[in-house]
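Hello,

Here is the structure for you to look over. My notes follow below.

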Amino acid sequence: WQKEFEETGYYLSALDIESVEIVRSGNALVKGLSGLTGVIDIKTRIPEKETLSVMAKYGEMNEYMSNVRYGNKNGKLAYTGSASFFGTDGVAGRNGKERISGVYGNLDWNPDERWHVNAGAHYLHGLRQLVNISDPGAANIKNRQEKFDPVRTLLSYVKTDYRSPGGSATELQVNLSHRDA
């Protein structure tokens with residue numbers, strides 16, 4: 001339901017990721033509409049206790065990234081929230097400027113041993129300029145100025161599953177995404 005979601009790196013720190021699974025079989029069809037070609041399933045970490053992490057880095061081309069994440073587990077309820085900021089000036093003389101901010105929240109709840117609910121939302125807002133190509137390249141492409149301003153992306157999801165005492169399982173997933181680039 002989100003093709004080429006390249007913005008993942010702007011709001012999801014490697015510390016937030018529990019596992020990454022690549023599914024390229026008939027099983028991918030149950031993961032979403034894009035399952036025909038395969039799915040990359042990123043599972044985020046669920047905190048076992050109160051956790052606060054702060055990350056900041058700075059590099060070439062005035063590139064910076066910061067992320068603040070807080071999570072906690074209270075009995076049958078675990079939750080995580082984070083805020084991220086990313087920016088770069090891009091390649092000198094070739095554009096590539098980016099300014100992206102995002103917020104993320106996740107809720108994991110087990111009302112009882114048979115019922116599980118997972119819900120979350122991601123929102124990104126910012127500016128992206130595409131880097132111009134270098135030589136050799138057609139003149140009409142080399143001088144093209146392309147940018148997406150503003151870039152807005154909202155991803156939200158709710159997934160609940162229930163296992164009956166007899167062993168049958170029922171799962172319901174609802175996803176809402178809006179991408180305005």
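Met61 is found in the loop between strand 3 (51-59) and strand 4 (63-74). Strands here are DSSP runs of E, at least two residues, numbered from the N terminus. This is a predicted model: local features need pLDDT of at least 70, side-chain atom pairs count only at pLDDT 80 or more, and totals for chains, interfaces and linings use all residues. Residues are numbered from 1 along each chain as its sequence is written, and side-chain values use heavy atoms, leaving out hydrogens and water.

Phi of Met61 is near 60 degrees, a positive value in a residue other than glycine. Most residues other than glycine have a negative phi. Met61 counts as partly exposed because its relative accessibility is 41%. The classes are: buried under 20% relative accessible area, exposed over 50%, partly exposed in between (1.4 Å probe, protein chains only).

Asn95 lies in the loop between strand 5 (77-88) and strand 6 (98-112). Its phi is also positive, near 70 degrees. Asn95 has 18% relative accessibility, so it counts as buried.

Strand 6 also holds Trp109. Trp109 is partly exposed, at 36% relative accessible area.

Ala78 lies in strand 5. At 4% relative accessibility, Ala78 counts as buried. Its contacts (heavy atoms within 4.5 Å) include Ile46, Pro47, Asn72 and Leu107, not counting residues up to four places away in sequence. The C-alpha atoms of Ala78 and Glu48 are separated by 7.7 Å, with the two residues 30 apart along the chain.

Best wishes

How values were computed:
Helices (H or I, at least four residues) and strands (E, at least two) are DSSP runs, numbered from the N terminus.
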